[in-house]
Amino acid sequence: MIRTHRPAAGVCALLAALAAGIAFPGQAVADETEQAAPKVELVLDVSGSMRTADIDGGTRMAAAKQAFNEVLDATPEGVQLGIRTLGANYRGNDRKEGCKDTAQLYPVGTLDRTEAKTAVATLTPTGWTPIGPALLKAADDLEGGGGTRRIVLISDGEDTCQPLDPCEVAREIAAKGVGLTIDTLGLVPDAKTRDQLSCIADATGGTYTSVQHKEELTDRVGQLVDRAADPVVTPVATEGTDQCSSAPTLKSGLYTDREEFGQQRWYRVDVDPGQELRASVSVAADRAVNADYGVLLRAVTVHGREIVRGEASGLGRTDVISTGLRYPKAESDDEDATPETVCLQVTNSFSAASGVKTSPGLPVELTVDVVDGPSQASDVASFGLGRGWWLLGALVLTGFLAGLVWGWVSRWRIAVWRTN
């Protein structure tokens with residue numbers, strides 16, 4: 001059975017947007033015909049442990065080769081695909097040399113299926129497991145050109161090249177804001193391998209899958225390659241500041257940032273009269289944190305007056321926490337009315353577990369949407385009720401009258417009882 005972990009910082013923004021009644025803004029979605037070609041690099045562990053014969057009666061290497069061949073046949077047109085190996089060439093016992101053993105087997109580009117299959121057929125399980133160095137090289141292989149970028153890492157064991165922690169490498173890649181996702185697959189993994197591969201995926205909003213059969217491996221790798229070809233909302237990297245006056249001004253779109261533990265980040269949004277600001281934020285714990293945490297999103301005037309806020313808290317059951325807010329600005333009769341600058345403040349109350357690094361900061365996704373507002377939006381508190389005020393008034397009046405009638409009936413019954 002395939003078990004998939006989706007912490008997803010990419011999914012978390014969508015969930016937050018739905019919770020706040022927000023759809024992804026049109027300006028953030030590029031036209032499909034304008035998107036750069038998606039790029040995928042398959043990173044395969046070819047270390048000595050891949051000789052183990054425990055997948056459907058065959059070796060792990062044989063299962064990986066079969067999966068690659070079937071995936072190469074089914075790769076969508078337009079996807080630029082490459083293959084990188086780790087532990088495929090060095091057969092010695094020198095750890096320093098073994099940890100340099102990563103090479104690009106097939107360059108990222110237009111796929112020649114025959115050539116790629118021929119390259120895969122030459123692989124023989126050989127050496128070490130330098131996952132961290134391989135991820136760094138794979139990120140370099142996918143640089144430039146924009147578009148979707150995805151690394152699919154297939155491994156059957158832990159990295160053997162510490163202290164270059166592959167989980168920290170993944171966090172550094174994510175901190176660069178390059179929009180690169182790393183998905184990991186563990187072949188018959190033990191607990192340590194599972195934890196490490198999950199951590200790598202968590203750091204970039206990717207997925208982790210445990211695989212124990214050939215068909216599972218083929219299906220999952222194929223799904224991930226197909227996913228790269230789907231049109232996506234590409235987040236824009238931004239950098240909030242510690243005060244509103246120097247914060248970046250954001251337009252409608254999806255943004256990514258990093259926020260240190262307990263830090264606050266400020267952003268600015270211009271809202272014209274008659275428009276409505278919709279914003280949501282998600283903060284992901286991509287490392288071990290203490291169980292009690294929260295996130296606060298505030299809309300504040302440039303003079304410091306709070307307009308509206310959204311907040312959420314967690315107790316460790318999920319590694320992503322989201323909240324949102326809406327602010328409709330009243331229409332103005334003044335044709336020369338200027339936009340109002342709204343300051344958005346994002347604050348988190350995460351705290352690091354003992355021995356956990358606090359840098360880089362936690363991944364943040366911020367969705368901003370400025371749309372035409374509702375009519376008569378001057379009263380922010382009443383927004384959303386619409387004609388429900390009439391219903392509320394009718395209910396109050398009905399309750400008042402019902403109370404009078406019940407009081408009169410009760411007094412009459414008491415009077416009759418006393419008379420009898």
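Which elements cover the buried residues of α2? In this predicted model, the cover includes β2 (39-45), β3, α4, β5 (149-155), β6 (180-187) and α8 (214-229).

Helix α2 has 15 residues, and its first and last C-alpha atoms lie 21 Å apart, close to the 21 Å expected at 1.5 Å a residue. Its buried residues are Arg-60, Met-61, Ala-63, Ala-64, Ala-67, Phe-68, Val-71 and Leu-72. These residues span an arc of only 160° around the axis, which places them on the same side of α2.

Helix α4 runs over residues 113-121, with Ala-116, Ala-119 and Val-120 buried. Their arc around the axis is only 100°, so they sit on the same side of α4. Thr-114 and Ala-121, on the other side of α4, are exposed. Among the elements that cover the buried residues of α4 are α2 (60-74), β3 (80-86) and β4 (102-109). At the start of α4, the backbone nitrogen of Thr-114 has a side-chain oxygen of Asp-112 within 3.2 Å.

**Disulfides**

The whole structure contains three disulfides. Counted along the chain, the bonded cysteines pair in the pattern 1-2, 3-4, 5-6.

| Disulfide | S to S distance | Torsion about S-S |
|---|---|---|
| Cys-99 and Cys-161 | 2.0 Å | -95° |
| Cys-167 and Cys-199 | 1.6 Å | about -50° |
| Cys-244 and Cys-343 | 1.8 Å | -70° |

The link of Cys-99 and Cys-161 is left-handed. Cys-99 belongs to the loop between α3 (95-98) and β4, and Cys-161 to the loop between β5 and α6 (166-175), so the bond ties together parts that are 62 residues apart in sequence. Cys-99 is buried, at a relative accessible area of 14%, and Cys-161 is buried at 6%.

The disulfide of Cys-167 and Cys-199 is left-handed because the torsion about its S-S bond is about -50°. Cys-167 is in helix α6 and Cys-199 in helix α7 (residues 191-204), so this pair ties together parts that are 32 residues apart in sequence. Both Cys-167 and Cys-199 are buried.

The link of Cys-244 and Cys-343 is also left-handed. It connects distant parts of the chain, 99 residues apart: Cys-244 is in the loop between β8 (236-237) and β9 (253-259), and Cys-343 is in strand β15 (residues 340-348). Both Cys-244 and Cys-343 are buried.

**Salt bridges**

Side chains of opposite charge can pair when their charged atoms come close. How many salt bridges does a search of the whole structure find? The search finds 19.

One of them involves Arg-60, a residue of α2 that is buried. Its side chain meets that of Asp-54, with N to O at 2.6 Å. Arg-60 has a relative accessible area of 10%, whereas Asp-54 is partly exposed at 32%.

Glu-97 and Lys-100 form a salt bridge in which the closest N and O atoms are 3.7 Å apart. Here Glu-97 is partly exposed, at 35% relative accessibility, and Lys-100 is exposed, at 52%.

In the salt bridge of Arg-309 with Glu-306, the closest N and O atoms are 2.9 Å apart. Arg-309 is partly exposed at 38% relative accessible area, and Glu-306 is partly exposed at 29%.

A network of salt bridges links Glu-168, Arg-171, Arg-258, Asp-286 and Arg-287.

Definitions and conventions. Residues numbered from 1 in each chain as written. Predicted model: local features only at pLDDT ≥ 70, side-chain atom pairs only at ≥ 80, totals over all residues. Heavy atoms only, no water. Buried < 20%, exposed > 50% of the residue type's maximum accessible area, 1.4 Å probe, protein only. Helix = DSSP H or I, 4+ residues; strand = E, 2+ residues; numbered from the N terminus. Arc of directions from axis to C-beta. Contact = heavy atoms within 4.5 Å. Polar contact = N/O pair within 3.5 Å; in protein donor to acceptor, adjacent residues only side chain to side chain. Salt bridge = Lys/Arg side-chain N within 4 Å of Asp/Glu carboxyl O. Expected span 1.5 Å × (residues − 1). Disulfide = S-S within 2.5 Å.
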